[in-house]
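Work through the exercises below with the model open beside you. Try each task before reading its solution.

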Amino acid sequence: MKEYLNNIWSAISTIFIGMGITWRHMFVPSVTIQYPDVKLDLPERERNRLYVNMDDCIGCDQCARACPVNCIEIETVKGIPEDDIGKTSNGKKKALWVTKFNIDIAKCCYCQLCVFPCPTECIYMTDVYEFSEYDRDNFIYDFVTLTPEEREQKKINYQKFEEEKAAKKAAAAEEAAKAKAAEKKDDNKEQN
Amino acid sequence: MIYEFFSNLFNNQVIGYIISAALPLLFFILPFVLVAVYMERKVSAHMQDRLGPMRVGWHGVLQTIADLLKLLQKEDITATANDKPLFNLAPIVVFAGSYAAFAAIPFTGAYIGSNIDLGIIYIIGATGLVVAGILMSGWASNNKYTLLGAMRAAAQIISYEIPTILVVLSLIMITGTMNLNTMSQMQTGYFWNWMILGGPGLGVTKFLLIPFMIIGFFVIYISTLAEVNRTPFDIPEAESELVSGYHTEYSGMKFSIFFLAEYANMFAVSAIVATLFFGGYQSPFGYLGNTLGAHWLVPIEQFFWFAIKGTFFVFVQMWLRWTLPRLRVDQLMAVCWKYLIPIAFVNLIIVGLITIL
């Protein structure tokens, strides 16, 4: 009988204790973060979407070589002497046109290994982490600032430059050969 | 009462029936369910230090309407192994059972669906239909979880009707009436006339009754909580054990009818508890309409107090739901047969002796 009454008492008293706890929690400020409106502060060294500052990129290809999943593709073309490619922010003169700088962010594993070898610190991790897409092709980010026509133009320019150079070289060689031949003739004449 | 009014107004009994039958559904139960579902989500969220729905409307007030629209668009799935006639009939029976209770509940002194003298006994009888509906749904779904849930529901609801009726009986002995409207009228005046405080009159019996009324209130509140299958007595639905019990196989509108019935039932039992112990629609402090001399205001105030009391007890049900864990089946039966029924029975005898005094 005593146990019976004790059971009743403990049931009722513990229910009221529990209700008191939940009542107090009604007025505790909620811990919810209203995500799209309010965002948590990210840790200092967070690694998210890559970004390339093309003004500083010298096209050295070191990031592409460092990438363990080969998600960076770089193609460069040498500038011709008349081109002004500009300088990087630490004063180096750029020598190459970057005609292709694709990062397939869907392949990227966010290891940050590409960031350390960069001599001009132009590739780095941003704090953007919401970049879902409906089409997988949209994940291939093209960072090159040149328009497609300009890229073609730069390639053609360099080719032309090379050809001209080759032609000049050839012409010079020919001339030299001619001169040599003439000299030889003269020599022959003198000998004769 | 309201039926006579409408049948006289339109001079047609059928229209009177239809209107008086549809009124509480359209003007009370549907809005109440909308509010109660929102309240449930908010109360549960804040008790768990969350925010709950926040994005549809201001602080998510339109969330329930959005959910309702979603439910309306859902496919109405009937599996091939289902017993179709029973499967389709079950939600209607469950809802009819819980809705029938509203016929005898006095919303105000001026509005009661049917002023029958059997009142409370009729309500207990009509809500018994819910058990039939739940058993039908569990059997017709042809699924072991639904059947288990239905069996548990039947065992639970039938067991817990006994303490409910025992407490109701003690109140019938004090008041001498089964009519809920008369019972409410007896508790008029101030809050010390409520049954929880010994009822009207100022004798020794009033003060002798108070502790037994409080015990009676606890017993009836716990047992009605079990009758509407709410946590901690939600073993028929037990999400972690039985998927969602007897309405596992239901989808779309049929599921929402079960949902509607559950919330209608919650309000019905809260309203009955409020009517039996807390003066029903009576104001605790007298009426503004009477002091101002505007008597048309009184029913509106009464409705306000009725809704406040009912909603308060619904709130306590939610509060308990988010406080207590679910009971085991044997614990559930032990609570009923070993605790509530003996207590209610002893209580009934003592109340009976006091009323003889």
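The exercises go from whole chains to single residues, and the model is a predicted one.

**Exercise 1. Chain shape**

Task: Decide how the radius of gyration of chain A and that of chain B stand against the globule rule.

Solution: 
- Start with chain A. It holds 3 helices and 5 strands. From the N terminus, their order is α-β-α-β-β-β-β-α.
- Compare the radius with the rule. Chain A has a radius of gyration of 35 Å, well over the 16 Å that the rule gives for 192 residues, so chain A is more spread out than a compact globule.
- Look at the box. Along the principal axes, the C-alpha atoms of chain A fill roughly 145 × 35 × 30 Å.
- Now take chain B. It has 13 helices and 0 strands.
- The C-alpha trace of chain B spans about 65 × 50 × 45 Å along its principal axes.

**Exercise 2. Burial and contact range**

Task: Find what percentage of the residues is buried in chain A and in chain B.

Solution: 
- In chain A, 12% of the 192 residues count as buried.
- In chain B, buried residues are 45% of the 357.
- Then turn to sequence range. Take the contacts in chain A between residues at least 6 apart in sequence: 76% of them join residues at least 24 apart.
- For chain B, the corresponding value is 75%.

**Exercise 3. Where the chains touch**

Solution: 

**Exercise 4. A helix pair**

Task: Are H5(B) and H6(B) roughly parallel or roughly antiparallel?

Solution: 
- Recall what to read off. A packed pair of helices is described by the angle and the distance between the axes.
- Get both values. The axes of helix H5 (residues 119-140) and helix H6 (residues 144-175) of chain B come within 8 Å and cross at roughly 170°.
- Apply the cut-off. Angles over 145 degrees count as roughly antiparallel, so H5(B) and H6(B) are roughly antiparallel to each other.
- Inspect the residues. Among them are B:Ile120, B:Ile124 and B:Trp139 of H5(B), and B:Leu147, B:Ala150 and B:Glu161 of H6(B).
- Class the contact. It has 15 nonpolar, 5 polar and 1 charged residues.

**Exercise 5. Two side positions in chain B**

Task: Classify B:Leu147 and B:Phe218 as buried, partly exposed or exposed.

Solution: 
- Locate B:Leu147. It sits in helix H6 of chain B.
- Count its neighbours. B:Leu147 has 20 other C-beta atoms within 10 Å, so it is buried.
- Set aside neighbours within four places in sequence. B:Leu147 then contacts B:Gly138 and B:Trp139.
- Locate B:Phe218. It belongs to helix H8 (residues 204-227) of chain B.
- Count again. B:Phe218 has 17 C-beta neighbours inside 10 Å, so it counts as partly exposed.

**Exercise 6. Positive phi in chain A**

Task: Find where A:Asp61 and A:Tyr110 lie, and give the phi of each.

Solution: 
- Start from the background. Most residues other than glycine have a negative phi.
- Take A:Asp61. Its phi is positive, about 70°, although it is not a glycine.
- A:Asp61 lies in the loop between strand E1 (50-52) and helix H2 (62-66) of chain A. With 17 C-beta neighbours inside 10 Å, it is partly exposed.
- Take A:Tyr110. Its phi is positive too, near 55°.
- A:Tyr110 is in the loop between strand E3 (96-104) and strand E4 (123-125) of chain A. It has 13 other C-beta atoms within 10 Å and is partly exposed.

Notes
Residues are numbered from 1 along each chain as its sequence is written. Chains are lettered from A and ligands numbered from 1 in the order in which they are written. This is a predicted model: local features need pLDDT of at least 70, side-chain atom pairs count only at pLDDT 80 or more; totals for chains, interfaces and linings use all residues. Axes are lines fitted to C-alpha atoms, for helices over the stretch in contact, and angles run from 0 to 180 degrees between N-to-C directions. Helices (H or I, at least four residues) and strands (E, at least two) are DSSP runs, numbered from the N terminus. Angles under 35 degrees count as roughly parallel, over 145 as roughly antiparallel, 65 to 115 as roughly perpendicular and the rest as oblique. Two residues are in contact if their C-beta atoms, placed from the backbone, lie within 7 Å. Ala, Val, Leu, Ile, Met, Phe, Trp, Tyr, Cys and Pro count as nonpolar, Asp, Glu, Lys and Arg as charged, and the others, Gly among them, as polar. The radius of gyration is taken over C-alpha atoms; the globule rule is 2.2 Å times the number of residues to the power 0.38.
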